Amino acid sequence: MTLDLRAIVRAVGGECLAHRVTERTPVDGVTRLSEYVVVGSRDFATLVTGQPDELRARLEAGGGGAEVTARAVFISAADDEALRALLEEHGMTAILGAGIPPDLDSADGAGPADGADVTLHARLAALIAEDQAAADRLVTMGTKVLTQVARRGGAAAVIAELAHRIDGWAVLLDAHGQLIASAGAGRLHLDDATAVALGRTVRVRHPGLQVHQVGSDRDLSGYLVIATRSSVISRSRDLASQSAALFDLLLRTRDPSITEHLGREALIDILLAGGAPAAALLRRWGVHETGLTAFQFGTRTRTIDPERLVARWFDELGMEHIFVGEPGRVRGFVPDDLAEDLAARVLAFTPLGSGTAHLGLGLPAPAELLGRSAIQAKQALDSALEDGHTVLRYTELPTVSLVLGSLGAESSAQLSAALDGLRDATGAHGTLTETLRVFLAANGGQRTTAARLGIHRQTLISRIQRIEDLTGLSMDRADDRAAAWLALRAIGAGLPAGSIARS
């Protein structure tokens with residue numbers, strides 16, 4: 001329902017006298033005063049129409065009937081001091097002076113007052129019916145979108161779309177209260193979500209949470225917990241209910257299964273190790289090509305399930321699933337003659353606009369030597385994500401990447417050793433390494449570097465001096481700056497900001 005008492009006043013006029021029911025309370029229906037016998041929901045307002053004399057008789061009679069009546073919202077074209085005093089005495093909310101003209105020609109011969117009441121009741125019933133129909137259309141449309149998103153991105157995509165549509169956050173838990181997925185600020189309220197889902201007797205800091213069971217009581221899959229900033233609670237509830245049904249299907253039909261995923265991950269490791277076992281494994285796997293091309297596919301958006309998408313493309317191309325999924329990306333191998341077909345599918349995949357999917361391709365390699373191609377594919381994808389390329393082949397990488405890719409592990413280690421002095425007590429690269437990366441990426445511009453790091457310029461100067469002392473490199477010398485940049489790329493710090501752990 002999108003109608004609240006303020007919307008009713010805008011539609012039929014009059015003045016709202018708010019007592020126990022506030023103006024922001026959504027409206028769930030309208031009935032005649034003589035037919036109103038029970039409070040439907042304390043979260044919604046029920047409008048009642050009738051004559052002031054009839055209302056006075058019910059309220060002054062006392063008892064349970066008077067209490068139930070006082071929880072409704074009386075709406076009438078009448079408005080006088082006696083009626084206002086009655087409403088205030090019993091704490092009943094009302095809309096008085098509704099601007100519906102009397103129906104003097106009513107078919108049942110009703111008088112002007114009765115005619116106004118009949119017309120007002122009909123008008124309100126029509127408003128609520130129109131609002132309900134509009135809400136139903138929005139829920140239907142939202143359900144269709146959620147279903148389409150489920151096919152494309154699985155549970156993670158559904159929960160992200162749901163959080164967007166309800167203007168809030170959502171958390172999906174398994175039957176034991178363990179997190180499966182979340183969206184919005186869901187992770188910040190995980191404790192509250194778990195508490196209300198499992199019925200724990202703890203104080204919940206976030207009020208107004210909705211819990212939707214995923215699956216039946218006898219075959220429980222989990223719980224969906226949502227919170228919305230919208231006043232349209234019913235639509236959020238309906239969308240969440242439909243999402244819970246989708247989650248029940250998705251959680252029971254996950255493909256690949258955990259066992260299959262772990263099995264393929266072990267098989268990929270054998271291929272990466274190379275040698276005769278790798279070639280023999282491919283033949284047993286049903287792959288008879290003498291050479292393969294490594295690929296890595298990744299995306300920055302949570303509305304796409306990369307593994308599900310790659311599986312569909314491989315099925316369309318008639319290929320064995322020689323890949324394994326990781327958070328945000330998929331790595332694997334494709335026959336050399338089908339590598340461009342895979343690239344074409346990535347280029348054509350634009351459901352959310354350009355820049356949502358990225359593919360890195362290594363060089364073709366024989367079955368016994370696939371490890372190097374896999375490294376090249378990773379470097380290509382990393383560069384594609386950094387520079388915004390949809391498809392990037394290893395041969396198209398910048399010169400620095402090509403040089404680093406041609407080096408062995410020992411040579412790369414020697415390059416990165418130039419920055420070992422910047423490691424913290426745990427041996428990890430932290431603040432100083434990140435400062436150096438930003439400084440070099442900004443071509444040594446102190447003002448730009450300080451702004452990007454969010455620090456004072458004097459703090460930056462102090463850090464650069466410490467970097468020079470620890471590494472023996474001078475940022476005033478071009479050769480030293482080049483050596484520092486190569487070392488950063490060798491340890492992976494040439495990637496986007498945030499790739500290095502901050503101390």
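Start by selecting strand β13, helix α12 (residues 370-387) and strand β14: together they make a left-handed β-α-β unit. Keep in mind that you're looking at a predicted model.

Now zoom in on β13 itself, residues 357-366. Is this strand enclosed or open? Count the buried residues and you get 7 of 10, so β13 is largely enclosed by the rest of the structure.

Strand β10 (residues 291-299) pairs with β13 in the antiparallel sense, over 8 bridges. Strand β14 (residues 391-393) runs parallel to β13, and 3 bridges join the two.

Time to move to another part of the model. Select Ile 159, Leu 162, Val 214, Leu 224, Ile 226 and Phe 247: of the 24 residues in the largest nonpolar core, these touch the most other members. The elements giving two or more residues to this core are α5 (112-165), β6 (168-174), β7 (179-183), β9 (220-228) and α7 (233-252). Helix α5 provides the largest share, 9 residues.

Which residues does Phe 247 touch, leaving out those up to four places away in sequence? Show Ala 155, Val 158, Ile 159, Leu 172, Val 214 and Leu 224, and you have them.

Last stop: apart from that core lies another one, of 23 residues, including Phe 295, Leu 317, Leu 338 and Val 391.

Notes. Residues numbered from 1 in each chain as written. Predicted model: local features only at pLDDT ≥ 70, side-chain atom pairs only at ≥ 80, totals over all residues. Heavy atoms only, no water. Buried < 20%, exposed > 50% of the residue type's maximum accessible area, 1.4 Å probe, protein only. Helix = DSSP H or I, 4+ residues; strand = E, 2+ residues; numbered from the N terminus. Pairing = 2+ DSSP bridges. Right-handed = clockwise from strand over helix to strand, strands pointing away. Core = buried A, V, L, I, M, F, W, Y, C linked by side-chain atoms within 4.5 Å. Contact = heavy atoms within 4.5 Å.
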